[in-house]
Every structure is written in C-alpha cells, then in structure tokens.
Amino acid sequence: KEKQAKLYEFRIKYNAGAGHAAQDSYHYYNAETASQALSFHNAMVKKNRLRMQTLSVEKFNPYADSWEDESSILEPQ
C-alpha cells in the first residue's frame, strides 16, 4: 500500500501591480510544500497570461487555527 503525501492549505497573496496595491487578493492551493503551492500559482499566472505581483505565501496551521508565513521562498524582487 502506497503512503499518500499529506496536503496542506496554502494561500498566496497577490495584486495587479504597484498602481493597484490597495486591491490585494488571495489564491488558495492544496499542496505538499510552499514551493509546490508557489509553482502551481506561477503556472496559473503563466497559463492565463496574467500580470501581477506575488506578495506573500502562507500555510494554514489547523492546530493553531492561523496562517503561518512561508514567504521566505519568494525570490527577491
């Protein structure tokens, strides 16, 4: 029997750019790691030819019922 990888809920905060900084939004992903969630996000952005800036990556901790910052995986802009 194969062991399935545990999936976590991630949310990625983004906005359309400097001129739209007041309009932040989130995309939510189920992934094994923050890097995988960011990879899913980047693929969606590329596929839909969107222009946006990614602001943060957070992982949901169900035990603390809070979001934990994982933004260290973002490349310096």
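Strands and helices are DSSP runs numbered from the N terminus, with at least two residues (E) for a strand and at least four (H or I) for a helix. The model shown is a predicted one, in which local features need pLDDT of at least 70 and side-chain atom pairs count only at pLDDT 80 or more, while totals for chains, interfaces and linings use all residues. Residues are numbered from 1 along each chain as its sequence is written, and side-chain values use heavy atoms, with hydrogens and water left out.

**The four strands form an open, antiparallel sheet in the order β2-β1-β3-β4.** Strands β2 (25-31) and β4 (66-69) are at the edges with a single partner each, and therefore one side of each lacks a neighbour in the sheet. From one strand to the next the twist averages 35°, and such angles, which run from 0 to 180 degrees, are taken between the N-to-C directions of lines fitted to C-alpha atoms, for helices over the stretch in contact. In general, the strands of a sheet pair through backbone hydrogen bonds, either parallel or antiparallel. Here, β1 and β3 run antiparallel and are joined by six bridges, with V57 in β3 as the bridge partner of I12. Helix α1 (residues 34-47) lies across β1, β2 and β3 (53-61), and runs at about 125° to β2.

**The hairpin of β3 and β4 has four residues between its strands.** These two strands pair in the antiparallel sense over four bridges, and F60 stands opposite W67 in β4. In this hairpin, D65 takes a positive phi near 50°.

**Y26, Y28, F60 and W67 form one aromatic cluster.** Rings of Phe, Tyr and Trp (for Trp the six-membered ring) pair if their centres lie within 6.5 Å, and planes under 30 degrees apart count as stacked, over 60 as edge-to-face and the rest as tilted. By this rule the count comes to three aromatic pairs. R11 lies over the face of Y26, at 4.5 Å from the ring centre, and K59 lies over the face of Y8, at 3.9 Å from the ring centre; a charge sits over a ring if NZ of Lys or CZ of Arg is within 6 Å of the ring centre and within 35 degrees of the ring normal.

T54 is buried, with a relative accessible area of 15%; buried means under 20%, exposed over 50%, and partly exposed in between, for a 1.4 Å probe and protein chains only.

**S71 and I73 lie in the segment after β4.** S71 counts as buried at 17% relative accessibility, whereas I73 is partly exposed, with a relative accessible area of 27%. A polar atom of the S71 side chain lies 3.1 Å from the backbone nitrogen of V57. Leaving aside neighbours within four places in sequence, S71 is in contact (heavy atoms within 4.5 Å) with L55, S56 and V57, and I73 is in contact with A34, S35, L38 and V57. The C-alpha atoms of I73 and A34 are separated by 7.4 Å, although these residues are 39 residues apart along the chain.

How values were computed. Two strands pair if DSSP finds at least two bridges between them. A polar contact is a pair of N or O atoms within 3.5 Å; within protein, one must be able to donate a hydrogen and the other to accept it, and residues adjacent in sequence count only if both atoms are side-chain atoms.
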